Amino acid sequence: MLATIPGATDEWVVVIAHLDGYFDSANDNGAGLASMLALARYFVDRAENPQRNMLFVGTSGHHEFSDGADAFIREHADVLGKSV
């Protein structure tokens, strides 16, 4: 899952949460995913765009470094190079 909210500069804020969970997934990572979605909703509903571009990323792999996270890093070096 990727979503972007354009900002006023070429800098990026990257918000990431893993989408999968084990037996306690309501807390790990249901809470993190809910927080990420709430942030996205907050910035989408504002009248003006945020100062920086925002990128919201959901990955697999739980706490392990997953193929999804690795692919994101490989394919978005331009964004990560300008993240703050």
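Of the 84 residues in the protein, 30% are buried, meaning under 20% relative accessible area with a 1.4 Å probe and protein chains only; over 50% is exposed, and partly exposed lies in between. This is a predicted model, in which local features need pLDDT of at least 70, side-chain atom pairs count only at pLDDT 80 or more, and totals for chains, interfaces and linings use all residues. Residues are numbered from 1 along each chain as its sequence is written, and side-chain values use heavy atoms, with hydrogens and water left out.

**Fold**
- The protein has three helices and three strands, taken as DSSP runs (helices H or I, at least four residues; strands E, at least two).
- Their order along the sequence is β-β-α-β-α-α.
- Along the principal axes, the C-alpha atoms fill a box of roughly 40 × 30 × 15 Å.
- Of the contacts (heavy atoms within 4.5 Å) between residues at least 6 apart in sequence, 74% join residues at least 24 apart.

**Aromatic pair**
- The structure holds one aromatic pair.
- Y42 and F43 form this pair, at 4.9 Å centre to centre and 85 degrees between the planes, which is edge-to-face.
- Rings of Phe, Tyr and Trp (its six-membered ring) pair if their centres lie within 6.5 Å; planes under 30 degrees apart are stacked, over 60 edge-to-face, and the rest tilted.
- Y42 is partly exposed because its relative accessibility is 49%, whereas F43, at 17%, is buried.
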